[in-house]
Amino acid sequence: MAEPEAQLLRAVGLIEKDTNGDALWVWCYPSVTAELRTLLLRKCCLTDENKLLHTFVFGQYKRSWFYITTVEVQDSPALKKVTHFSIVLTAKDFNPEKYSAFTRILCRIYLKHGSPVKMMESYIAVLTKGICQSEENGSFLSKDFDARKAYLAGSIKDIVSQFGMETVILYTALMLKKRIVVYHPRIEAIQEFTRTLPALVWHRQDWSILHSYVHLNEEELEALKACTGYIAGFTDSEVNSRSDLYDVYVNLADSEITVSPVVKEAMTMGKLHKEIGQLIVQSAEDPDKSDSQVIKDISLKTKEILATLASLTEVSDGNGKPTLNAEALKQKRFPPATENFLFHLAAAEQMLKI
């Protein structure tokens, strides 16, 4: 049973850029902290020097998701002094399609009425009933957008067609809960790519590791460093030199993946990785398979690996948590890279004896 909207939506906000070129917070409901307001001003592209308009961006900061739709104001009698505005939603869940649809409706309402009151009415309708309907601005029904749909919205096939066998590096990094940084100058490319990566470890269905839009800003980096493993997207090429932020660096613009020396040992590739890589490539290159079938194929292989790992664990203490029996692992005489991977996977899954 999905959580009702009232428990998912956190706040709605409005940022305007006026004819003097100033971008300011104008309104929010019920409230947005000063810290988050500063962050969202940075994300909304109206404060950007390069004047590029990004119609929709999303990301996460300290376990709050943000979704921002920005529009240019053209002949709206209701908004004479405003050149652009951004509608911001903060929420507890990852669902870009849902919140993009909802913010678009809020934008149409604001363009027409020029007053936040009408937006607030729609926001409260969605908050309480999960629906807002209007003849001219379109309807929005939040239950049309379930989380699973959002998880499957990206394309694994596109990732594999770009990286081929090297996709297994991303798979391994995700399985071992490593830190992945992705760079591309275009935010849209970053968002599309990074949102799809958690699907490589479908058994976890954990999108909280995704930070699809991060700036090289102290507060943001501190918050990021507090997370165990993550996928973080940056549009600033300087992130390349910040080796303290990543175990695996993906230069999406040049299709290059770099593994940091720090994790070289844990990420040693062997026969098992080659098998997984071939399976990923074969599945993704099959024209008859959909993206979700490819995810399923990878997930079945993952289940096999996890079953092997489970067979090497024992419950030795009172709390009933299985831990890896290192002796049993050695006796299996797996190839060194496989043994190494299973050991590090056990560590990532917190199955090592402390």
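The structure is a predicted model, in which local features need pLDDT of at least 70 and side-chain atom pairs count only at pLDDT 80 or more, while totals for chains, interfaces and linings use all residues. Residues are numbered from 1 along each chain as its sequence is written, and side-chain values use heavy atoms, with hydrogens and water left out.

I begin with the cavity. Rolling a probe the size of a water molecule over the atoms shows where empty space is left. On a 1 Å grid over the protein atoms alone, a cavity is a set of points where a 1.4 Å probe fits but cannot get out; a pocket is an open set with protein on both sides within 12 Å along at least five of seven lines; and lining residues have an atom within 4 Å of a point. Grid points are joined across faces, edges and corners, and a volume is the space filled by probe spheres set on the points.

A search of the whole structure finds one cavity of 30 Å³ or more. The largest cavity has a volume of about 70 Å³. Its lining consists of Gln60, Tyr61, Lys62, His211, Val214, Glu220, Ala223 and Leu224. Strand 3 (56–61) and helix 9 (218–225) are the elements that give two or more residues to this lining, and helix 9 supplies the largest share, three residues. Helices (H or I, at least four residues) and strands (E, at least two) are DSSP runs, numbered from the N terminus.

Next, the second largest pocket, with a volume of about 360 Å³. Of its 18 lining residues, Asp206, Ser208, Ile209, Thr228 and Gly229 lie nearest its centre.

I turn to the helix pair. The axes of helix 11 (residues 291–310) and helix 13 (residues 336–348) come within 11 Å and cross at roughly 85°; axes are lines fitted to C-alpha atoms, for helices over the stretch in contact, with angles from 0 to 180 degrees between N-to-C directions. Helix 11 is therefore roughly perpendicular (65 to 115 degrees) to helix 13. Ile305, Leu306, Thr308 and Leu309 of helix 11 meet Phe341, Leu342, Leu345 and Ala346 of helix 13.

Finally, Ser122 sits in helix 4 (residues 116–129).

Terms used. Parallel < 35°, antiparallel > 145°, perpendicular 65-115°, else oblique. Contact = heavy atoms within 4.5 Å.
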